[in-house]
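Walk through this model with the structure open beside the text. We start at a loop, then move to a sheet, the domains and the cores.

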Amino acid sequence: MRSAQIWRYSLPMEAGVVLRNQRLKSRDGMVVRLCEEGREGWGEVAPLPGFSLESLAEAERQTLDWVDDWLAENNPDWPSAPSVAFGLSCAQAELTGELPLAAEYRAAPLCTGDPDELFAMLQALPGDKIAKVKVGLYEAVRDGMVVNLLLEAIGDLRLRLDANRGWTPLKARQFAKYVNPEVRSRIAFIEEPCQTREQSREFARESGIAIAWDESLREADFTFEAEPHLVAVVIKPTLTGSLERVRQQVAQARAAGLEAVISSSIESSLGLTQMARIAAWLTPGTLPGLDTLSLMEAQLVRPWPGSSLPVIAHSALERVR
Ligand SMILES: O=C(O)CCC(=O)C1=CC=C[C@@H](O)[C@@H]1C(=O)O
Ligand SMILES: [Mg+2]
């Protein structure tokens with residue numbers, strides 16, 4: 001006998017979370033529970049506004065249809081919307097025991113705000129000191145100075161930078177100018193520095209700074225291929241699709257000699273803890289980019305170890321099915 005429940009959630013976000021010029025006041029999505037023969041599996045379906053092509057309403061329709069089909073003892077294909085395929089495939093992988101419990105909770109910390117406060121946090125990082133800094137939001141020169149300062153001050157720090165295609169070739173050059181050539185190799189990579197892939201490649205050639213693709217993975221002409229200066233790809237499961245598809249992309253990246261970094265699409269603690277498990281399973285040895293829980297004011301269903309945010313239980317959510 002199969003049974004299933006679906007709930008809607010809406011989690012308030014910290015003030016000032018801006019995604020692609022749009023303020024994100026709350027994170028909205030669904031929690032799904034699939035039950036069969038005394039076992040259960042949970043999943044989160046949460047299209048990210050400004051990134052996912054499907055709306056929450058469309059995701060809800062596809063989730064309900066798939067669950068109805070599954071309850072009728074069919075084994076339906078994954079729905080077309082990536083966020084739906086991901087959430088449902090996680091629920092099924094928990095149900096069948098395919099998704100291991102071991103998790104990588106040491107996500108690379110996102111550095112925001114005041115450089116002075118950052119120092120203390122970075123100095124205290126245990127093990128591999130690797131952190132992520134968003135660039136391209138302020139003056140390129142300021143970004144260059146901050147990155148240089150951090151790398152020069154903390155000798156064993158490595159940084160992942162993310163420009164979200166924010167720089168013109170000129171701005172990218174201005175950034176590089178302020179980063180001492182001796183510390184550039186400790187920039188693990190910069191995600192999508194420029195507006196086009198060609199400009200990003202040119203920047204990497206010129207500056208010697210390694211790059212990674214993120215937005216490019218969602219473009220129709222993208223293929224996983226080795227290129228000079230390209231070291232990694234960022235895989236955001238909610239924007240990718242089913243767990244099988246995520247596995248396939250990790251394998252394709254590996255085959256091309258690229259590091260695959262599992263990364264958040266600002267899911268709740270439920271989705272984030274599952275991605276910490278996916279990272280431990282599929283990309284052992286690589287710190288995932290999952291430090292987005294602190295953008296929220298509450299956790300959902302399952303807590304992230306060490307977080308002091310209150311946890312909202314499924315029983316407090318609005319039931320859809
Ligand atoms: O990759 C990480 O370390 C955290 C996730 C992250 O940076 C992002 C998640 C979702 C949307 C984006 O604003 C942003 C990114 O650009 O990668
Ligand atoms: Mg990115």
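Glu37 sits in the loop between strand E4 (26-36) and strand E5 (39-45). Helices (H or I, at least four residues) and strands (E, at least two) are DSSP runs, numbered from the N terminus. Phi of Glu37 is near 45°, a positive value in a residue other than glycine. Glu37 counts as exposed, at 61% relative accessibility. The cut-offs are these: buried is under 20% relative accessible area, exposed is over 50%, and partly exposed is in between, with a 1.4 Å probe and protein chains only.

This is a predicted model, in which local features need pLDDT of at least 70 and side-chain atom pairs count only at pLDDT 80 or more, while totals for chains, interfaces and linings use all residues. Residues are numbered from 1 along each chain as its sequence is written, chains are lettered from A and ligands numbered from 1 in the order in which they are written, and side-chain values use heavy atoms, with hydrogens and water left out.

Asn21 also has a positive phi, near 65°, and is not a glycine. Its loop runs between strand E2 (18-19) and strand E3 (22-23). Asn21 is exposed, with a relative accessible area of 79%.

Back to E4 and E5. They pair in the antiparallel sense over 7 bridges; two strands pair if DSSP finds at least two bridges between them. Arg33 stands opposite Trp42 in E5. Helix H1 (residues 56-71) packs on the sheet and touches strand E1 (2-12), E4 and E5. The direction of H1 makes about 0° with that of E4. Such angles run from 0 to 180 degrees between N-to-C directions, and the axes are lines fitted to C-alpha atoms, for helices over the stretch in contact. H9 packs on the sheet too, touching E4 and E5, and its direction makes about 110° with that of E5. What is the strand order of this open sheet? The 4 strands run E5-E4-E1-E15, with antiparallel pairing. E5 and strand E15 (318-319) are the edge strands, each pairing on one side only.

Next, the domains. The assignment gives domain 1 (2-98 + 307-319) and domain 2 (115-294); such bounds come from an automatic or database domain assignment. Their centres, taken over C-alpha atoms, are 26 Å apart. The contact (heavy atoms within 4.5 Å) takes 27 residues from domain 1 and 23 residues from domain 2. Between them the domains bury about 2,000 Å², 64% of it on carbon and sulfur atoms. Buried area here is the accessible area (1.4 Å probe) that two parts lose on being put together, summed over both. Glu44, Phe86 and Glu98 supply 30% of the area that domain 1 buries against domain 2, more than any other three residues.

Now the interior. A nonpolar core is a set of buried Ala, Val, Leu, Ile, Met, Phe, Trp, Tyr and Cys residues joined through side-chain atoms within 4.5 Å. The largest has 60 residues, and Phe175 and Val233 touch the most other members. Helix H9 (residues 269-282) gives the most to this core, with 6 residues. Why does the core lie between domain 1 and domain 2? Both domains give residues to it. Apart from it lies another core, of 19 residues, among them Leu19, Leu24, Leu48 and Ala298.

Finally, Ala163 lies in the loop between strand E8 (158-162) and helix H5 (169-177).
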